[in-house]
Amino acid sequence: MSDKKMTSSRRHHLKSLVLQIAFELIEVEKKEAAQEKANFMAELPALDLSGDQAALVELLKKLAHTIDKVDEDRYDAESKVTKADKEIEDLRMKVVEIQGMKKPALRKVRMSADAMLQALLGTKHKASMDFRANLKEVKKEVKEEGVDAVGDWRKNVDEQAGMDGRKKKFQG
């Protein structure tokens, strides 16, 4: 056996077959439920509505009591199912947390600046930018290094050495 991946057409075909079988099983289940309901209703004795008003009122009270009991049972069953569903969901979340999220492998995509802008801004806004044209030109200033720089430095030190220099700092 080779470890070839299943083609998408084969996968879709199998998926449609599974769905078709499931649909048929659901139809059979619906028919069985309808037949079971019909059989149950046939087993029930016919209501005897003959008699006086007190007997009918008593019969209605019994029916109301039975309906209340059935409603309570249904509510209890629903709450149990809801609680079980919540527990199942919590367990699924714990499983996902334990396994960790699998990150998809990222692929390198080559895009021009214009294509990126169009993707970001949408097709309405057609902006074409030449980024190189917008770059600032940097002009280098040529500094002259010589005796003047050294002389200026010494002159500043001499001026600030005495009290006169300190006064100039605070006054100026």
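In which helix is the place of Ile-67? Ile-67 sits in helix α2 (residues 53–99); helices are DSSP runs of H or I with at least four residues, numbered from the N terminus.

The model is predicted, with local features requiring pLDDT of at least 70 and side-chain atom pairs pLDDT 80 or more, while totals for chains, interfaces and linings use all residues. Residues are numbered from 1 along each chain as its sequence is written, and side-chain values use heavy atoms, without hydrogens and water.

**View 1. Confidence along the chain.** Mean pLDDT (the predictor's confidence in each residue, from 0 to 100) is 80 for the chain, with 72% of residues at 70 or more. Helix α1 (residues 8–43) has the highest mean, 94, and helix α6 (residues 163–171) the lowest, 58.

**View 2. Nonpolar surface patch.** Leu-47, Leu-49, Leu-60, Leu-63 and Ile-67 make a nonpolar patch of about 510 Å². Patch residues have over 30% relative accessible area and no salt bridge, and nonpolar side chains (Val, Leu, Ile, Met, Phe, Trp, Tyr) are joined within 5 Å; areas come from the Shrake-Rupley method with a 1.4 Å probe.

**View 3. Salt bridge between Arg-74 and Asp-71.** The side chains of Arg-74 and Asp-71 form a salt bridge at 3.7 Å, N to O (a side-chain nitrogen of Lys or Arg within 4 Å of a carboxyl oxygen of Asp or Glu). Because they are three residues apart in helix α2, about one helical turn separates Arg-74 and Asp-71. The structure contains four salt bridges.

Terms used:
Helices (H or I, at least four residues) and strands (E, at least two) are DSSP runs, numbered from the N terminus. Patches are made of residues with over 30% relative accessible area and no salt bridge: like charges are joined within 9 Å, nonpolar side chains (Val, Leu, Ile, Met, Phe, Trp, Tyr) within 5 Å.
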